[in-house]
Amino acid sequence: RDSVEEGVALAGADAALEAAPDFYGVEVYFMTQSRLGVGLKRRDRRSLVIAYGLLHISSKGSAAEVEASLDPRTGIEACDLQAQGVLNLTVRRTPEGASADDGVFDLEDYIFEFDSEAIAAAFVERLATASGRR
């Protein structure tokens, strides 16, 4: 599959996710602030998958193990695509011991670097569609 148009098959990804009619997956670098406080540092490779209307963020080192699954319509607080294919994503998480119905949530920031600006733009477009913003 063409990584910009249809997503990519992810090594070790769940076959049920890849079978989803809305499947779109990409491999990205998970980034954090440099310990020196200047710039960003690549930490590891992750998979981002949109399938069955949800965004799935893989755990460190595993396309099959999911760290977070969230509904883009309610679980994304901010999505900011920057130059050079860097995406800042702020997601809502329900704190331990709380229910989603409580209306209480924590915010968690993710920074991802895509292999190209075109792949990043295509992913953000798919994410916007999944969230109902397009």
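Two strands are taken as paired if DSSP finds at least two bridges between them. In the predicted model, strand 2 (residues 40-51) and strand 3 (residues 54-58) are joined by four bridges and run antiparallel. Within strand 3, Leu55 is the residue that stands opposite Ile50.

This pair belongs to an open sheet of seven strands, arranged in the order 4-3-2-1-7-6-5 with antiparallel pairing. Strand 4 (66-70) and strand 5 (76-82) form the edges, each pairing on one side only. From one strand to the next, the twist averages 30 degrees. In general, the strands of a sheet pair through backbone hydrogen bonds, in either a parallel or an antiparallel manner.

Besides the seven strands, the chain contains three helices. Along the sequence, these elements follow the pattern α-β-β-β-β-α-β-β-β-α. Among contacts between residues at least 6 apart in sequence, 44% join residues at least 24 apart.

Of the 134 residues of the chain, 40% count as buried. The accessible surface of the chain comes to about 7,500 Å², and carbon and sulfur atoms account for 48% of this surface.

The largest nonpolar core comprises 24 residues, and the residues with the most contacts inside this core are Leu48, Leu55, Phe112, Phe114 and Phe123. Two or more residues each are given to this core by strand 1 (24-33), strand 2, strand 3, strand 4, strand 6 (86-93), strand 7 (106-113) and helix 3 (117-130). Helix 3 makes the greatest contribution to this core, with seven residues. Another core, of five residues, lies apart from it and includes Ala20, Phe23, Val49 and Ala51. Nonpolar side chains tend to be buried together in soluble globular proteins.

The surroundings of Phe112 were examined individually. With residues up to four places away in sequence left out of the count, Phe112 touches Val28, Tyr29, Phe30 and Met31, as well as Leu48, Ile57, Gly85, Val86, Leu87 and Leu89.

The side chain of Ser58 reaches the backbone nitrogen of Ser47 at 2.7 Å.

Conventions
Residues numbered from 1 in each chain as written. Predicted model: local features only at pLDDT ≥ 70, side-chain atom pairs only at ≥ 80, totals over all residues. Heavy atoms only, no water. Axes fitted to C-alpha atoms, helices over the stretch in contact; angles between N-to-C directions. Polar contact = N/O pair within 3.5 Å; in protein donor to acceptor, adjacent residues only side chain to side chain. Core = buried A, V, L, I, M, F, W, Y, C linked by side-chain atoms within 4.5 Å. Buried < 20%, exposed > 50% of the residue type's maximum accessible area, 1.4 Å probe, protein only. Contact = heavy atoms within 4.5 Å. Areas by Shrake-Rupley, 256 points an atom, 1.4 Å probe, with all protein chains shown as cover.
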